[in-house]
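Q: Could you take a close look with me at one part of this model? I'd like to go through it contact by contact.

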Amino acid sequence: MFEQKYRQIGAKITYFRKIRRYTQEELAFRASISASYLSRIERGAYVSGVPLSTLMRIALALEVDINRFFDED
C-alpha cells in the first residue's frame, strides 16, 4: 500500500547523503545502523516500514529535518 512512499523516502535519503558526500557506510556509521540496512532503506525495500526512530537517526546524521523525507516535491 505504501511501497511508493517508501521508495520516495529512500530516494530522498540517498539525495541528502550524496549532497553530504557520504558513502552508505559512513552514513550508516553516523546513524548507528548497518550499511546493508541503510541500503535496503534507500532502495525502499522495507514494505512493512522503517521505524521512525531509525529515520530520526538518519536525519540527525544528515543534519536535515526529518520532515524533508516526507515533503512532496
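Which side chain does E42 meet in a salt bridge, and what is the N to O distance?

A: Happy to! Please keep in mind that this is a predicted model. The side chain of E42 meets that of R17 in a salt bridge, with 2.7 Å from N to O. E42 belongs to helix 3 and R17 to helix 1, so the pair ties together parts that are 25 residues apart in sequence. Both E42 and R17 are buried.

E42 also takes part in the contact between helix 2 and helix 3: Q24, E25, L27 and A28 in helix 2 meet A35, L38, S39 and E42 in helix 3. Sorted by class, this contact has four nonpolar, two polar and two charged residues. The axes of helix 2 (residues 24-31) and helix 3 (residues 35-43) come within 8 Å and cross at roughly 105°. The two helices are therefore roughly perpendicular, since 65 to 115 degrees counts as such.

R30 counts as partly exposed at 43% relative accessibility, and E26 counts as partly exposed at 30%.

As for confidence, the protein chain averages a pLDDT of 93, and 96% of the residues score at least 70. Confidence is highest in helix 2, at 98, and lowest in helix 1 (residues 3-19), at a mean of 93.

Note on methods:
Residues numbered from 1 in each chain as written. Predicted model: local features only at pLDDT ≥ 70, side-chain atom pairs only at ≥ 80, totals over all residues. Heavy atoms only, no water. Axes fitted to C-alpha atoms, helices over the stretch in contact; angles between N-to-C directions. Helix = DSSP H or I, 4+ residues; strand = E, 2+ residues; numbered from the N terminus. Parallel < 35°, antiparallel > 145°, perpendicular 65-115°, else oblique. Contact = heavy atoms within 4.5 Å. Nonpolar A, V, L, I, M, F, W, Y, C, P; charged D, E, K, R; others polar. pLDDT = per-residue confidence, 0-100. Salt bridge = Lys/Arg side-chain N within 4 Å of Asp/Glu carboxyl O. Buried < 20%, exposed > 50% of the residue type's maximum accessible area, 1.4 Å probe, protein only.
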